[in-house]
Amino acid sequence: MNVELDWYDPIELGGSSTLKENVKNFNLALLPEISGVYIFYREYGDYQEALYVGKSENIRIRMKAHFNSIKLIDGLVDTPKGQKKLIFAEVKTRSDLGKALAQAEKGLINQLDDEKYPLLNRKLMKDQYDYIISK
C-alpha cells in the first residue's frame with residue numbers, strides 16, 4: 001500500500017498558561033476538512049517533543065472534539081514548558097483510506113513514542129499499539 005502524507009504548516013496553540021483560552025477561541029474554519037494524521041507537540045527552543053498522535057477522516061471535526069476534551073487539554077497543559085503546536089498531514093492513497101490512516105498513525109506512533117516521555121495517548125487512554133519493525 002502506498003501512502004503519501006502531505007504536511008501542512010504547524011499551528012501555534014500557545015504555552016501552558018494560554019492554551020485553554022486559545023483552543024476555546026480557536027477558529028475551526030481555518031482547518032481543512034481532510035482525512036489525515038495529526039500531532040500535538042511542544043517546542044522549546046530547538047527542541048521538539050511529540051505529545052499526542054492521532055488520525056481522523058475529518059481533521060476539522062476531530063479537532064473540535066479534541067479542543068472540547070478536558071482530559072486532553074489538561075494533559076497538554078501539564079507537559080513541560082514550551083509552545084504547544086498542532087501539525088497535520090493529509091493522507092493520500094489509492095487503496096483503502098481507513099487502512100492507510102491506521103498505518104500512517106501507527107507508523108508515526110512507532111517513530112515518535114518514547115519510553116522516557118510517552119505520548120499522552122498512552123498515558124491518557126492506555127491504548128496499546130502494534131509496533132512495526134523493519135529489517
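Reply: Asp113 is found in the loop between α4 (97-112) and α5 (120-125); helices (H or I, at least four residues) and strands (E, at least two) are DSSP runs, numbered from the N terminus. The model is predicted: local features need pLDDT of at least 70, side-chain atom pairs count only at pLDDT 80 or more, and totals for chains, interfaces and linings use all residues. Residues are numbered from 1 along each chain as its sequence is written, and side-chain values use heavy atoms, with hydrogens and water left out.

Me: Is Asp113 buried or exposed?

Reply: Asp113 counts as buried because its relative accessibility is 16%. Buried means under 20% relative accessible area, exposed over 50%, and partly exposed in between (1.4 Å probe, protein chains only).

Me: Which backbone nitrogen lies 3.0 Å from a polar atom of the Asp113 side chain?

Reply: That backbone nitrogen belongs to Leu119.

Me: Changing topic, what pattern does the chain follow along the sequence?

Reply: The pattern reads β-β-α-β-β-α-α-β-α-α, with 5 helices and 5 strands in the protein chain.

Me: In what sense do β3 and β4 pair?

Reply: The pairing of β3 with β4 is antiparallel, over 9 bridges; two strands pair if DSSP finds at least two bridges between them. The two strands form a hairpin with 2 residues between them, and Gly45 in the turn has a positive phi of about 65°. Tyr44 stands opposite Tyr47 in β4.

Me: And how many residues of β4 are buried?

Reply: In β4, 7 of the 10 residues are buried, and the strand is mostly covered.

Me: Which residues touch the most other members of the largest nonpolar core?

Reply: They are Leu13, Tyr38, Phe40, Met63, Leu76 and Phe88, in a core of 21 residues. A nonpolar core is a set of buried Ala, Val, Leu, Ile, Met, Phe, Trp, Tyr and Cys residues joined through side-chain atoms within 4.5 Å. The largest share of this core, 4 residues, comes from α3.

Me: What does Met63 touch?

Reply: Not counting residues up to four places away in sequence, Met63 touches Leu28, Leu31, Tyr38, Phe40 and Leu86. Contact means heavy atoms within 4.5 Å. A second, separate core has 14 residues, including Val37, Ala104, Ile109 and Leu119.

Me: Over the whole chain, how much is buried?

Reply: Of the 135 residues in the protein chain, 41% are buried.

Definitions and conventions: Polar contact = N/O pair within 3.5 Å; in protein donor to acceptor, adjacent residues only side chain to side chain.
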